[in-house]
Amino acid sequence: MVEDSRPSWENPMQFVLACVSYAVGLGNVWRFPYLCQMHGGGGFLIPYLIMLVVEGLPLFYLELAIGQHMRQGSIGAWSAINPYMGGVGIASVVVSIFLTIYYNVINAWAFWYLFHSFQGTLPWAECPLSSNLTTYVPECEKSSSTDYFWYRETLNISSSIEDHGGIQMGQALCLVLSWMVVYLCVLRGTEATGKVVYFTATFPYLVMIIYLIRGVTLHGALNGLKYMFTPKLSDLADPKAWIDAATQILFSLGLGCGSLIAFASYNHHNNNFEKQAIVVSLINSATSIFASLVTFSIYGFKATFNYESCLDRTQLLLINTFDLTEDSIKPDNLDDWISHLNASFPDKFATISSQIEGCDLESELDTAVEGTGLAFIVYSEAIKNMGLSQLWSVLYFSMLLMLGIGSMLGNVAAIITPLRDSAFLTRHFRKETLIGMMCLFCCLVGLSFTTRSGNYWFTIFNDYAATFSLLFIVLIEIITICYVYGLKKFEKDIELMIGHRPHWYWKITWSVVSPVLIIGLFIFYTADYIMGGTPTYQAWDSNLGKTVTKEYPPYAQAVIGLLLVTSMICVPLVALITFIKKKKEQAKESKIITTAT
Amino acid sequence: MLARVLLALSLVPALALALCQPDGQDAYKVRLSIKTALGANAYEWNESEQFLFRATLAFAMRKYTGQETFNVSSVIVCDETPRVSFWFVVTNPNDTATLIPKNAVEEAIRLSRNRINSAFLLSDKTLQFLGIPPTLAPPSQPSLPVWLIVFGVVMGIVTTGILALIISGFIQRKKKDIEDEDEEEKQEGIMENGISCETLEGKEGVNNGAYSHDEDRLTQL
């Protein structure tokens with residue numbers, strides 16, 4: 001029997017931790033707090049939790065059920081469900097390949113920052129000096145030391161996507177290391193990663209708790225927390241909030257990539273995945289909320305720090321221009337002084353009025369950042385102002401690494417499991433060789449993200465490789481199960497596994513609610529893409545010291561199109577091929593019958 | 001006679017004041033931020049501190065030019081403000097009516113900047129000479145970047161781990177192959193389809209239940 005020879009998790013806990021480690025990733029830390037900020041702070045939790053219950057949980061349950069029942073990776077599983085639908089599995093694998101190629105670059109950056117934290121002063125705390133040792137490098141002065149370290153010393157970014165530049169050795173070395181770490185974790189097979197996920201799943205929580213304790217004790221953290229928790233319910237009327245909530249749930253749980261199917265395929269047939277699905281989804285959402293608590297205290301600290309520095313600068317400017325005693329101007333009487341000086345010495349005041357920046361705490365808190373900008377710039381800026389910054393830096397970047405590697409293990413599993421299911425490949429290659437070749441291939445392709453324009457290509461992959469295609473895949477998945485395979489048959493399968501039929505709630509969400517939601521998202525994104533005009537990106541201008549918007553050149557747009565099409569086209573293509581094959585077989589059979597009689 | 005002496009005496013400070021002009025060609029503005037630097041330990045800026053400043057500057061001029069003729073009186077200060085900022089000029093000790101040019105003063109200050117700062121317990125940032133940029137301390141550059149060292153360590157650990165796992169997997173597989181071979185060799189006698197021939201010899205045969213009720217199912221011809 002095939003069941004006995006398939007390897008399995010040592011205990012159900014490893015499966016749960018693997019799912020948690022995969023689902024809880026960088027998106028929880030850098031995407032969810034951003035969405036909270038954009039959509040009215042605490043009020044965003046309402047659409048988020050509704051979407052979790054209505055869309056996220058049912059789909060998570062569905063994928064685990066498929067994996068555990070079919071006991072194969074995504075390609076085998078979907079071919080078994082319906083031969084015409086084998087393309088869904090292949091599409092999942094294609095998306096996972098794109099994902100693994102670009103995602104590990106983030107781990108490379110985390111390694112880079114981690115290694116650079118072992119210095120007396122953090123390298124992003126100060127601007128480097130120009131050659132005559134009298135001023136700072138102009139690019140650094142115009143932006144900030146953390147921006148400079150990210151854009152210049154880490155990425156050495158070029159001014160546009162067309163300007164390729166060479167491979168950055170530091171980045172390339174870190175990328176190779178990241179792939180070696182991933183290989184180390186998966187080379188004994190996905191089920192053996194069960195030991196690794198004990199660590200990758202729990203360590204981030206430890207760091208987040210430490211950071212939360214430190215974060216809320218920072219000066220000004222309460223400003224950030226207050227900002228987050230005052231719900232601006234008017235923002236809920238904006239449909240974008242609901243769309244973002246639905247999208248975030250989908251991607252945060254990692255649906256559609258085939259990783260959950262792969263993990264579940266190593267379960268025992270009677271494993272109670274229903275309870276586990278609920279537990280993992282709830283943990284994932286709770287982690288997002290927890291991470292935004294930490295992020296908002298850090299935001300509050302950073303905003304307050306910048307606000308107070310701004311006040312100090314203004315105070316110094318006034319004191320120096322008007323030669324007043326040092327402690328005459330305090331933050332609370334600053335405005336009075338400004339109006340007084342403006343009235344008494346209008347000419348002199350006019351000379352400096354352009355330099356007086358309005359210091360506003362609200363506007364500092366309003367600067368919402370997401371993605372690599374949040375993780376690598378905003379956080380490192382906050383860390384450099386904390387006491388014992390090296391320790392906090394090491395902790396933080398180790399946490400990012402664990403989150404990233406945990407998610408990578410899931411992505412890699414989604415590719416390796418179907419590969420190992422293939423009898424042909426298993427016969428000719430040992431599993432270590434197979435996995436090694438896959439890692440090597442992804443590493444080599446990933447090196448293109450370490451060039452000077454690599455970050456722009458990374459953004460393309462980040463925005464397009466696994467977004468639209470995943471929506472499509474998840475939609476096809478749910479329609480296949482409910483209407484092609486049959487909900488009744490699926491119910492029976494589940495009953496065989498866990499001993500009872502799924503509650504009517506699951507059936508309603510699978511057959512009606514989730515498909516409708518996903519179709520709605522699909523329509524919205526298609527319309528948005530069509531009406532959006534030429535897609536643009538943020539390019540770093542070293543002369544200005546900030547980002548400027550540029551349009552993608554035609555070949556970059558072609559790559560975007562290719563990313564979207566290559567995964568989605570697998571579904572109709574495989575259906576067509578299977579159809580043609582079946583027709584050929586039928587023709588052969590009828591030939592045999594006619595010749596026999 | 002007395003009147004003439006008095007007139008001459010009164011002219012000297014007037015002359016001195018005329019030499020020291022804010023925004024003068026050879027004048028420098030100095031700004032001290034004592035409270036920012038020392039907080040609670042800040043000292044009061046008074047005439048004596050001013051005297052110390054002029055003496056320190058005269059010392060700097062002596063050191064730079066090598067001429068020991070500079071004196072406290074060579075440094076003239078004017079336009080003091082409560083900020084604690086003022087302008088100063090340095091007069092030529094040989095000819096008190098002329099001023100030492102700006103570049104020379106700048107070089108002198110640059111040379112002894114550290115000494116001047118320490119006299120007042122201040123730093124380049126808190127004792128500012130407007131127009132003379134502070135020499136920023138270059139960050140220490142170790143010979144081998146620290147990050148490469150840490151990178152090397154981690155890379156070494158990971159490589160060792162990978163090799164260990166691959167080799168142990170290889171050894172396990174070899175052991176399993178040898179064990180399987182041993183198991184087969186250990187079986188005594190001749191094997192036929194996994195059933196030892198000895199068991200077959202002693203019996204009339206084994207009744208295979210799969211075929212026992214099929215007789216009813218065969219269709220009658």
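## A bridge at the end of a helix

D421(A) is partly exposed, with a relative accessible area of 26%. This value, like everything else here, comes from a predicted model. D421(A) forms a salt bridge with R6(A), and their closest N and O atoms are 3.1 Å apart. D421(A) belongs to helix α20 of chain A while R6(A) sits in the loop between α1 (2–5) and α2 (12–23), so this pair ties together parts that are 415 residues apart in sequence. R6(A) itself counts as buried, because its relative accessibility is 14% and the limit for buried is under 20%.

Helix α20 of chain A covers residues 389–421. Along the way, α20(A) has a kink of about 30°, centred on A413(A).

Is this helix enclosed or open to the outside? Of the 33 residues of α20(A), 28 are buried, so the helix is largely enclosed by the rest of the structure.

How many salt bridges does the structure hold over all chains? There are twelve. One of them joins K195(A) and E10(A), with the closest N and O atoms 3.0 Å apart. This pair links distant parts of the chain, 185 residues apart: K195(A) is in helix α11 (residues 194–217), and E10(A) is in the loop between α1 and α2 of chain A. Both K195(A) and E10(A) are exposed.

Another salt bridge pairs E491(A) with K507(A), whose closest N and O atoms are 2.9 Å apart. E491(A) lies in helix α24 and K507(A) in helix α25 of chain A, so the pair ties together parts 16 residues apart in sequence. E491(A) is buried, at 4% relative accessible area, whereas K507(A) counts as partly exposed at 23%. Salt bridges with shared partners join E491(A), E495(A), R501(A) and K507(A) into one network.

## A nonpolar patch

Helices α24 (468–498) and α25 (504–531) of chain A also each supply at least two residues of a nonpolar patch. This surface patch of about 690 Å² is made by I479(A), Y483(A), V484(A), W504(A), I508(A), V512(A) and V516(A). Helix α25(A) gives the most, with four residues. W504(A), which is placed in helix α25, is exposed, with a relative accessible area of 57%.

## Over to chain B

Chain B is divided into domain 1 (11–129) and domain 2 (141–171). The centres of these two domains, taken over C-alpha atoms, are separated by 59 Å.

Notes. Residues numbered from 1 in each chain as written. Chains lettered and ligands numbered in written order. Predicted model: local features only at pLDDT ≥ 70, side-chain atom pairs only at ≥ 80, totals over all residues. Heavy atoms only, no water. Domains from an automatic or database assignment. Expected span 1.5 Å × (residues − 1). Bend = angle between axes of the 7 residues up to and from the residue. Buried < 20%, exposed > 50% of the residue type's maximum accessible area, 1.4 Å probe, protein only. Patch = residues over 30% accessible without salt bridge, like charges linked within 9 Å, V, L, I, M, F, W, Y side chains within 5 Å. Areas by Shrake-Rupley, 256 points an atom, 1.4 Å probe, with all protein chains shown as cover. Salt bridge = Lys/Arg side-chain N within 4 Å of Asp/Glu carboxyl O.
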